[in-house]
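Below is a short briefing on one protein model.

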Amino acid sequence: PLGMRAYFSYINNRRGPDGKRGVYGRRIVWKYYDDGYNPANTVQLTRKLVEEDRVFATVGQLGTEHNLAVRAYLNQRRVPQALVSTGASYWGTQHKEFPWTTGWQPDYIAEGRIYGLHIKANHAGKKIAVLYQNDDYGKDYLYGLRAALGKAYSDANVVAQEAFEVTAPNVTSQMARIRASGAPIFVLLATPTHTIRAYATGKALGYNTDQIYLNSVSATAAFLNIAVGAAGAPYVNGSLSVAYLKDPSSASWNRDPAMRQYRTIMARYGRGLNANDGLYYYGVAKAETFVQALYKAGRNPTRARLMNALLSLNAPNKFALPGVVQKTSRTDRFIISQMQLQRYTHPDWNRIGRLIEGRPR
């Protein structure tokens with residue numbers, strides 16, 4: 001929320017294309033509560049936002065289970081549950097039942113699919129080990145991976161498939177079983193803390209791989225550089241992932257106009273925050289999409305007009321990778337679905353190949 005707060009503060013204070021501050025002269029009032037990443041708190045605080053604060057919309061709520069916990073309520077109240085901060089496939093596939101909910105980032109199934117296709121094309125016949133988070137987040141990634149590999153190929157080549165709970169203090173036992181499998185291809189589907197622990201544990205156990213894949217949530221240079229500190233550059237180097245946003249911790253974007261604007265915004269409206277943190281950048285990029293939708297909703301926006309705007313997008317986002325287009329329709333709710341493979345060589349990621357459409361139309 002702090003990245004979004006910084007961007008909305010910028011919008012409220014700069015003069016827009018019409019010469020007015022805010023969006024058509026309307027200031028964005030950004031209010032948020034910390035649910036402690038507990039779905040029970042999410043329910044309570046979302047009700048407070050709707051019934052006491054009377055918000056126009058909820059934007060960017062974090063967490064798959066947390067958004068699922070309030071989805072029915074927000075749809076019943078016809079309050080937009082906009083641009084949720086999770087790549088679960090539900091937000092795109094269940095739009096008929098929940099028309100007031102939209103995602104934003106590429107969904108985890110589409111991303112997992114890219115890894116599966118790359119493995120088959122570049123490491124055909126090699127045994128595969130998977131470490132995944134035991135919830136909808138990890139299972140979506142796993143589903144996409146296995147779907148791209150195909151059932152017969154997966155059954156023959158995925159020789160270790162280890163789940164861990166997000167609350168677990170470590171992944172030592174899972175990594176020990178993965179090492180015992182001897183699989184040279186390791187697919188790591190976890191949030192940043194457990195990703196770093198998996199690298200450190202794999203190195204400590206002597207688990208040597210031909211290729212490591214890790215999901216984009218954990219794949220900023222900042223997180224991988226922490227992994228290097230825990231496991232050493234030779235062990236982490238060569239890891240593959242995908243990106244859809246520019247990375248503020250990567251020197252390759254230092255001269256990019258949008259990145260320069262981001263740093264200016266953070267310096268003024270995000271004082272004390274680390275502008276190299278990709279999570280703040282993520283918030284700024286998402287806030288930009290919401291502002292685009294507000295302009296599209298017109299001078300007298302209603303909740304219905306906001307949803308119509310979100311469901312008829314066809315525009316770039318300056319904070320996304322070049323060529324990425326935010327595109328939606330009534331039947332296609334996946335706002336961003338293009339990604340690009342990238343390979344890590346300490347201390348930075350290097351993009352390879354072209355943009356890939358995660359959900360071919």
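Tyr-37 sits in the loop between α1 (2-13) and α2 (39-52); helices (H or I, at least four residues) and strands (E, at least two) are DSSP runs, numbered from the N terminus. The model is predicted: local features need pLDDT of at least 70, side-chain atom pairs count only at pLDDT 80 or more, and totals for chains, interfaces and linings use all residues. Residues are numbered from 1 along each chain as its sequence is written, and side-chain values use heavy atoms, with hydrogens and water left out.

**Positive phi**

- Tyr-37 is not a glycine, yet its phi is positive, near 55 degrees.
- Tyr-37 is partly exposed, at a relative accessible area of 46% (buried is under 20%, exposed over 50%, partly exposed in between, with a 1.4 Å probe and protein chains only).
- Arg-54, also not a glycine, has a positive phi of about 55 degrees.
- The loop between α2 and β1 (58-59) holds Arg-54, which is exposed with a relative accessible area of 67%.

- Strands β10 (residues 338-345) and β11 (residues 348-357) run antiparallel and are joined by seven bridges; strands pair if DSSP finds at least two bridges between them.
- Met-339 has Ile-356 of β11 as its bridge partner.
- Pro-347 lies in the loop between β10 and β11, and the peptide bond from His-346 to Pro-347 is cis, with omega near 15 degrees.

**Helix pair**

- Helices α5 (residues 108-122) and α6 (residues 136-149) pack at about 40 degrees, their axes 6 Å apart (axes are lines fitted to C-alpha atoms over the stretch in contact, and angles run from 0 to 180 degrees between N-to-C directions).
- The contact (heavy atoms within 4.5 Å) includes Tyr-108, Tyr-115 and Leu-117 of α5 and Tyr-141, Leu-145 and Ala-148 of α6.

**Nonpolar cores**

- The largest nonpolar core has 71 residues, of which Tyr-7, Trp-104, Ile-128, Val-130 and Tyr-262 touch the most other members; such a core is a set of buried Ala, Val, Leu, Ile, Met, Phe, Trp, Tyr and Cys residues joined through side-chain atoms within 4.5 Å.
- Helix α13 (residues 278-297) supplies the largest share of this core, twelve residues.
- Not counting residues up to four places away in sequence, Tyr-262 touches Pro-248, Ala-275, Asp-277, Tyr-280, Tyr-281, Val-284 and Phe-319.
- Another core, of 28 residues, lies apart from it and has Phe-164, Ile-178, Leu-214 and Ala-221 among its members.
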